[in-house]
Amino acid sequence: MITAERKPLEEILAYIKPFKRILLLGCNECVTVCAAGGRKEVGVLASGIQMSMLKNGTSIEIREHTLERQCDPEYVEELLPMIDSADAVLSMACGCGVQQLATRFKDKPVFPAVNTKFMGGSDRHGVWTERCQGCGDCLLGLTGGICPIAKCAKQLMNGPCGGSARGVCEIGEDVDCAWHLIWERLKALDLTEQYLEIMPAKDWRPGGGSGPRKIIREDLAE
Amino acid sequence: MSFQKRLFAQEFVVLAEMHTPKGVNITRLVNDARRIKGRVDAVVIPDMDNGIMRMSALAGGALMLQHGVEPIIHLYARDRNRMALQGDALAAHVMGISNLLVTHSEGMDQSDHREAKEVFDIDELELVQALNGLNQGKDMGGFELDGTPDFTVGCTIGSFGDEAALDQELIAAQAKVEAGARFIISPPVFDLEKFQSFMAKVKPLSVPVIPTVFLIKSLAIAQYIAASEPEAGISNELIRRIRKSSDRELEGIKIAGETLAGVREMAQGVMLQTLGWEHKLVDILDAAGM
């Protein structure tokens, strides 16, 4: 999933300061799962904004709504009956959702209420870690299902650096060395010959660098 | 007189661009430098521009100094992060290279190392700011330097497809001037009338804008630029002139010489760009009577 964290209230308040009527939008997908921008968080943020305004002797009209998916134009159309009565939109979706709204409603200021963080998974309740950097050329089949691009601080492709000790990365006691994990996993799977294969210098093109990436499925595209 | 002194004394400066070799054979570069010595105020050394891996500009600049030619080296953010950029800038200064040109860098998609990861830790404006910071004795982290450099930093105005794009380029150039850029290299001139109106537009930038005079080496190149960059100003008349010429190479040199002579009346300098034909630089200067 795409993970996110809510922005500080002060930053959000600065965005919406010039406006009187705000449409505050959550998203039912990734940001709901990582408890950053779902229906519940929309309610909490709306209350926080109102309380802060009250304290400052100002007020704002907030309409709350949560879409099934903000990154999907089909669901964004749902907003048509309510968009005109808002001066600006505050989105609690990831950056994909925010941009979908800004593209669809060109005359409406759209502001992000969360910081989009990474593609990751849940380790335990309330803890998410990065798992994938979308390099566009998945190597997990060669590395025991552990990604050296997302999990190695140096994105090394052929084993650990000198900063790895007792399975821990030099950048912090709580960071596992990705290549230690890969080695242990390949050993357990009796696939250590994969570890010994030297990977060539990576082709980073599928990971972007020449503008936004695009997927066109001819069989689905209209 | 040094490039910096001529620039600030509002003297006309003549620059010539020379590429480093793809390899360690420096014979041609050194011969070209020797040939041009005394005819130009400085040589501009690109740093793997167009994404072609070559010997770095730092070594090219050092070679120029060894042969008595003042260098200006390119610096940009595609291949180095802020650490490497600042470190190489300091290294350049210690080696005697104090003129740095912060340029736009081509993406890797048309390069000869297409698989490479682009860095772009900072952008051109931030790099100009960083170099200005070094000039004031501080690095980007805010830490004090032991020994402060004195860089003359330049920037570029990139090719522009239309007036709107030029306006954006001018906004960007203004920001770079405010950040410490002391001169600007502008795109090739093929039409002196168009150039005159361009110069009127860049006047508010209030630093010397040094246009490029590009050697048209063949009819095909002229046709390619005319088709791909109509705003560059290569007219049908110019293409006809090259086509009709019995010696197209010589015609290209004459055109560059005439452009150079014309530009001299309107700008405070010129940069000659010959893309591999650096041995023709002297001929262009001769053609311009310079």
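In the predicted model, chain B contains a barrel closed by eight strands. Their order is β1-β2-β3-β4-β5-β6-β7-β8, and the pairing is parallel. Neighbouring strands of this sheet are turned by 30° against each other on average, with direction ignored. One of the pairings joins β3 and β4 of chain B. Strand β3 covers residues 71-75, and strand β4 covers residues 99-102. Three bridges link these two strands in the parallel sense. Within this pairing, B:H74 stands opposite B:L101 of β4(B).

Chain A is divided into two parts: domain 1 spans residues 2-118, and domain 2 spans residues 133-207. Between the C-alpha centres of domain 1 and domain 2 of chain A, the distance is 38 Å.

Helix α8 of chain A runs over residues 178-188. Its buried residues are A:A178, A:W179, A:L181, A:I182 and A:L186. These lie on the same side of α8(A), because they cover an arc of only 155° around the axis. The other side of α8(A) carries A:K187 and A:A188, which are exposed. In this model, a residue counts as buried when 20 or more other C-beta atoms lie within 10 Å of its own, and as exposed when 12 or fewer do. The cover over the buried residues of α8(A) includes two helices of chain A, α7 (148-151) and α9 (192-196). After α8(A) comes A:D190. The phi of A:D190 is positive, near 60°.

Conventions:
Residues are numbered from 1 along each chain as its sequence is written. Chains are lettered from A and ligands numbered from 1 in the order in which they are written. This is a predicted model: local features need pLDDT of at least 70, side-chain atom pairs count only at pLDDT 80 or more; totals for chains, interfaces and linings use all residues. Two strands pair if DSSP finds at least two bridges between them. Helices (H or I, at least four residues) and strands (E, at least two) are DSSP runs, numbered from the N terminus. Axes are lines fitted to C-alpha atoms, for helices over the stretch in contact, and angles run from 0 to 180 degrees between N-to-C directions. The arc is that of the directions from the helix axis to the C-beta atoms. Two residues are in contact if their C-beta atoms, placed from the backbone, lie within 7 Å. Domain bounds come from an automatic or database domain assignment.
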